[in-house]
Amino acid sequence: MVFWRWIWRFIDWAIAALLTAMIVLVFTNVVLRYGFASGLRQSVELSRLGLVWVVMLGAAVVLRREQHLAVSEVVEAFAPRLVPFFRRLAYLVILISVLMLFWGAFRQMNANWNNISQLTGLPSALFYLAGVVSALLMTAIAAVRIVSPDALKSDQDDGEMHT
């Protein structure tokens, strides 16, 4: 459990670092463009790559913390005994969806390793690698929660808001 807590803490810090880097890149580019009639050509592509990683890693973090959008009031009000069944069913749907995400992102990642950006010199596959990593994380979360819908709750870091 300590290993996974460390992984999730690393992901939180990575998301924060990516957001900070994106802000600095975009701000610097705006100042250079409008103040000095120049700019950083790489900043647009690097910001876009950072945004993709933030969104994909953020999706896994939100799924783990159960902070995603859910409408559960109807089931909880009219069939409270069926709540565990419907939670497992929801996680089964999530599992199938993220496996499809993994398969598509994995294929695109492999197809684009040799497609190198002219601006940054980075492979285009890095965009799709974010989908692969996120799908693997969400697959693990969904698989564990199909077996036990309340699993991973005690694994959350101290100081997080619990609703």
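Figure 1. Of the 163 residues in the protein chain, 30% are buried, a class defined by a relative accessible area under 20%, with a 1.4 Å probe and protein chains only. The accessible surface, computed by the Shrake-Rupley method with a 1.4 Å probe, comes to about 10700 Å², and carbon and sulfur atoms contribute 70% of it. In this predicted model, local features need pLDDT of at least 70 and side-chain atom pairs count only at pLDDT 80 or more, whereas totals for chains, interfaces and linings use all residues. Residues are numbered from 1 along each chain as its sequence is written, and side-chain values use heavy atoms, with hydrogens and water left out.

**Figure 2. Helical elements and overall dimensions of the protein chain.** The protein chain contains five helices and zero strands, where helices are DSSP runs of H or I with at least four residues and strands are runs of E with at least two. The C-alpha trace spans about 65 × 35 × 35 Å along its principal axes.

**Figure 3. Helix H2 and the residue that follows.** Helix H2, comprising the 25 residues 41-65, reaches 37 Å from its first C-alpha to its last, which is close to the 36 Å expected at 1.5 Å a residue, the expected span being 1.5 Å times one less than the number of residues. Glu66 follows H2 and has a positive phi, near 55°.

How values were computed. Buried < 20%, exposed > 50% of the residue type's maximum accessible area, 1.4 Å probe, protein only.
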